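Let's take a walk through a protein model together. Have a look at the sequence and the 3D view, and keep them open as you read.

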Amino acid sequence: MPSVAAVESYLSVLRACTRCSRMHKPVVVGRAVASGILLIGQAPGDKEPALGRPFAWTAGRTLFTWFHAALGWTEEQVRDRIYIAAVCRC
């Protein structure tokens, strides 16, 4: 499992990415979490770039409701314990 510092370094590279000129910016990344759990979404919706985090709107409300029902975790606990990625980050 990578360290939090290694994940943060990787996220810094992602935030600075300009390779796909047709993608909408900014790049949306989650927290730097060293976790054995990886959650992969499709791509940020239209609200996520402004809110600065993945799963920040309707899909997130549903997702975090499921985690709370299954594990009793709040949204913040999920974000602190699970590395959230996406097929497209912007």
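## Before you start

Keep in mind that this model is predicted. Residue numbers start from 1 and run along the chain as its sequence is written.

## Salt bridges

How many salt bridges does the structure hold? The count is 6. Let's visit some of them. Arg15 pairs up with Glu8, and their closest N and O atoms sit 2.8 Å apart. Arg15 is partly exposed, with a relative accessible area of 41%, and Glu8 is partly exposed too, at 32%.

Next, find Arg31 and Glu76, which form a salt bridge with closest N and O atoms 2.3 Å apart. Arg31 belongs to the loop between helix H1 (4–15) and strand S1 (38–41), while Glu76 belongs to helix H4 (residues 75–81), so this pair ties together parts that are 45 residues apart in sequence. Arg31 has a relative accessible area of 33%, which makes this residue partly exposed. Glu76 also counts as partly exposed, with 42% relative accessibility.

Now move on to Lys47, which forms a salt bridge with Asp46; here the closest N and O atoms are 3.6 Å apart. Is Asp46 buried or exposed? Asp46 counts as exposed, at 64% relative accessibility, whereas Lys47 is partly exposed at 31%. One more thing about salt bridges: those that share partners join Arg31, Glu76 and Asp80 into one network.

## The largest pocket

Time to look for open space. The largest pocket holds about 180 Å³ of it. Its lining is made of 19 residues, and the ones nearest the pocket's centre are Ala43, Pro44, Gly45, Glu48 and Phe55.

Which elements each supply at least two residues of this lining? Helix H3 (58–71) and strand S2 (83–86) do. Sorted by class, the pocket lining has 10 nonpolar, 5 polar and 4 charged residues.

## The cavity

A search of the whole structure for cavities of 30 Å³ or more turns up 1. The largest cavity has a volume of about 30 Å³.

Which residues line the largest cavity? They are Gly30, Arg31, Val33, Arg79, Ile82, Tyr83 and Ile84.

## A patch on the surface

Leu38, Ile40 and Val87 make a nonpolar surface patch of about 320 Å². To find your way there, look for strand S1, where Leu38 is found.

## Two backbone details

Where is the cis peptide bond? Go to the bond from Lys25 to Pro26: this one is cis, with omega near 10 degrees. Pro26 is found in the loop between H1 and S1, and Arg31 lies in that loop as well.

The other detail is at Phe55, one of the residues nearest the centre of the largest pocket. Phe55 has a positive phi of about 55 degrees, although this residue is not a glycine. You'll find Phe55 in the loop between helix H2 (48–51) and H3.

Key: Predicted model: local features only at pLDDT ≥ 70, side-chain atom pairs only at ≥ 80, totals over all residues. Heavy atoms only, no water. Salt bridge = Lys/Arg side-chain N within 4 Å of Asp/Glu carboxyl O. Buried < 20%, exposed > 50% of the residue type's maximum accessible area, 1.4 Å probe, protein only. Helix = DSSP H or I, 4+ residues; strand = E, 2+ residues; numbered from the N terminus. 1 Å grid on protein atoms, 1.4 Å probe; cavity = no way out; pocket = protein on both sides within 12 Å on 5 of 7 lines; lining within 4 Å. Points joined across faces, edges and corners; volume = space filled by probe spheres on them. Nonpolar A, V, L, I, M, F, W, Y, C, P; charged D, E, K, R; others polar. Patch = residues over 30% accessible without salt bridge, like charges linked within 9 Å, V, L, I, M, F, W, Y side chains within 5 Å. Areas by Shrake-Rupley, 256 points an atom, 1.4 Å probe, with all protein chains shown as cover.
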